Amino acid sequence: MHLKLITYWCLPIYLLAVTILGGHQLNGVELHTHDHIHSHHSSSSSSMHHMDESTLVFFTLDDLKLGRVLPIYFRATNPSTSPQFLPRDEAQSIPFSLSKLDFLLNYFGFSRESSQSKAMENTLRGCEVKPIKGETKFCATSLESMLDFVQDMLGETIRIQVLSTKNLGKSNINVLKNYTIVDAPKEVYAPKMVACHTMPYPYVIYYCHYQKSESKVFQVSLQNEDHNHSNNDDNNDDKKNGGVEAIAVCHMDTSEWSENHVSFKVLGVKPGSSPVCHFFPPDNLVWVPLSSKINMVSSI
């Protein structure tokens, strides 16, 4: 583990261990059963057959403008009932393989017919799918293994920082709402980036991937519709309470993605026809070099 790099993080180590919200609870710990919509392969069947609100995180590069209103579902996190990272030694002692699913279900106490079983199966299957052309991917079973992968992708001698979406107030973001872009979006100019997404599992798993094709990272200030309509412009506390400082990534080349990816259905586009952008929920991470510069976007 690259311990010397910890001092350069933008988030405390404990925040990184607070992940995964929603789903089914067992012994006080929730096993999140959302579909992993950020994989560039085919989406799972539950996303394919209906357009549920959790898929409303995608947008186009043309949408990234001051004043634009977008429907967004930010899946939130409940720290008190969320799974936690395991220490590397403990994580390595537990098989992480689809071929060991029956053993794992017995180990964690889930029946084969349970929704938790299906979620675990989808995670293991997704982690074993071959990456698309130009992609390097890794399912991190511990904080240390995630850091090692990120460092390998960005460069062994590169100081790194992590970016994440932040809910600025007490407003409930775990519902579909209309959000207005209230400040000019800022682009994070990074030569390389690694995205890490939470996966449903009894302990924290991050699906991390690096792509050789161009991706752009943005910081976007958003205000939800409740506060847009009800608050006085002079009340900064109220404005902050409805605000989200969101991280978004735009993939400039989607030609290698599965044509069945849910983003194409949401946006009405085809692979390779246009960039696909998506917002990150608060428990997903974007790693970039510490030296990355942030500039306001004048026009897209």
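First, a word on confidence: the mean pLDDT of the protein is 82, and 76% of its residues reach 70 or more. Keep in mind that this is a predicted model.

- Residues 1-30 have a pLDDT below 50, though the stretch has 87 contacts in the model beyond near neighbours in sequence.
- Residues 44-49 also sit below 50 in pLDDT, and that stretch has 10 contacts beyond near neighbours in sequence.

**Nonpolar cores**
- The largest nonpolar core has 20 residues, and the members touching the most others are Phe59, Phe74, Val220, Leu222 and Phe279.
- At least two residues each come from strands S4 (69-72), S8 (177-181), S12 (215-224), S13 (243-251) and S14 (276-279).
- S13 gives the largest share of this core, with four residues.
- Leaving aside residues up to four places away in sequence, Leu222 touches a list of residues including Ile72, Phe74, Tyr179, Val244 and Phe279.
- Apart from that core lies another, with 19 residues, among them Ala140, Leu143, Tyr206 and Trp287.

**Aromatic rings**
- The structure holds 12 aromatic pairs.
- Tyr107 and Phe108 make an edge-to-face pair, because their planes stand at 85 degrees, with ring centres 5.0 Å apart.
- Tyr107 is partly exposed, at 47% relative accessibility.
- Trp257 and Phe264 form a tilted pair: their centres are 5.9 Å apart and their planes are at 50 degrees.
- Trp257 is buried at 5% relative accessible area, and Phe264 is buried at 4%.
- One aromatic cluster is made up of Phe96, Phe103, Tyr107, Phe108, Tyr201 and Tyr203.

Definitions and conventions. Residues numbered from 1 in each chain as written. Predicted model: local features only at pLDDT ≥ 70, side-chain atom pairs only at ≥ 80, totals over all residues. Heavy atoms only, no water. Core = buried A, V, L, I, M, F, W, Y, C linked by side-chain atoms within 4.5 Å. Buried < 20%, exposed > 50% of the residue type's maximum accessible area, 1.4 Å probe, protein only. Contact = heavy atoms within 4.5 Å. pLDDT = per-residue confidence, 0-100. Phe/Tyr/Trp six-rings, centres within 6.5 Å; stacked < 30°, edge-to-face > 60°.
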